[in-house]
Amino acid sequence: MLNGSVLLTARMVGSPYLSKPGKLSDRRRGFARSDDGGHTWAEWWFLEDRQPDVYVGTCFQSITSDVGGPNPSGRIFFGHPGAVNGSRTNYTVHQSSDGGGSWALLERVYAGGGGYSDINVLRKPGGGKALGVAFQKTFEPPDKNIEGGGYNMGFAVMDL
């Protein structure tokens, strides 16, 4: 973050996706903030407690921030499957302008099956920034003979 804090996100134990309507035990995505480079953790919270409408699962989800280079915005970006109907579909990116305290939808990247990912803020030639998203993309149509339907790599770029 712009103030030097570190924001960590971690998947919690349990079934892959939350039940709807939610239960108190449905805490699958935790966040923690450190103000001293990770030596101690000042705060720990669960996304489901703050924003139950942001539907996430326990699979790997990526996070990055715009704190370097020219004109850093300080925004944090969080990429994850939107988990429509308990599946790993609807890969989305949310953004936070308050250190991860709350999240707003930035864009749906891919409507099909998507999972493990990495996101980075990229500098565009000639100025400006973009968000690069690399993610696990389910075969379309899924192959019933391969666990999970089979996967390729997907890549998307979004202007910031």
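**View 1. N152 is partly exposed.** At 46% relative accessibility, N152 counts as partly exposed, because that label covers values between buried (under 20% relative accessible area) and exposed (over 50%), worked out with a 1.4 Å probe on protein chains only. You'll find N152 in strand β9; strands (E, at least two residues) and helices (H or I, at least four) are DSSP runs, numbered from the N terminus. Look for K137 too: N152 and K137 are 15 residues apart in sequence, yet their C-alpha atoms are 5.1 Å apart in space. Leaving aside neighbours within four places in sequence, N152 is in contact (heavy atoms within 4.5 Å) with F135, Q136, K137 and F139.

A quick note on the model: it is predicted, so local features need pLDDT of at least 70 and side-chain atom pairs count only at pLDDT 80 or more, while totals for chains, interfaces and linings use all residues. Residues are numbered from 1 along each chain as its sequence is written, and side-chain values use heavy atoms, with hydrogens and water left out.

**View 2. Six strands make an open sheet.** Follow the order β4-β5-β6-β7-β8-β9, with antiparallel pairing; two strands pair if DSSP finds at least two bridges between them. At the edges sit β4 (62-65) and β9, and each pairs on one side only. Neighbouring strands here are turned by 20 degrees against each other on average, direction ignored. For angles like this, axes are lines fitted to C-alpha atoms (for helices, over the stretch in contact), and the angles run from 0 to 180 degrees between N-to-C directions. Zoom in on β7 and β8, and you have an antiparallel pair with eight bridges. R123 stands opposite K129 in β8.

**View 3. The largest nonpolar core has 11 residues.** A nonpolar core is a set of buried Ala, Val, Leu, Ile, Met, Phe, Trp, Tyr and Cys residues joined through side-chain atoms within 4.5 Å. Among the members of this one are F77, Y91, V109, I119, L131 and M158. Which elements give two or more residues to this core? They are β6 (89-96), β7 (104-123), β8 (129-138) and β9 (151-159). There's also a second, separate core of eight residues, including L7, W45, V54 and F78.

**View 4. Three strands make another open sheet.** This one goes β1-β2-β3, with antiparallel pairing. β1 (6-11) and β3 (43-46) stand at the edges with a single partner strand each, so one side of each has no neighbour in the sheet. Six bridges join β1 to β2, and the two run antiparallel.

**View 5. F31 and F78 form an edge-to-face aromatic pair.** Rings of Phe, Tyr and Trp (its six-membered ring) pair if their centres lie within 6.5 Å; planes under 30 degrees apart count as stacked, over 60 as edge-to-face and the rest as tilted. This pair is 5.5 Å centre to centre, with 75 degrees between the planes. It links distant parts of the chain: F31 is in strand β2 (residues 29-34) and F78 in strand β5 (residues 76-81), 47 residues apart. Are they buried or exposed? F31 counts as buried because its relative accessibility is 0%, and F78 is buried too, with a relative accessible area of 0%.

**View 6. F31, W45, F78 and W103 form one aromatic cluster.** The structure holds seven aromatic pairs. Over the face of W45 lies R50, at 4.3 Å from the ring centre. A charge sits over a ring if NZ of Lys or CZ of Arg is within 6 Å of the ring centre and within 35 degrees of the ring normal.
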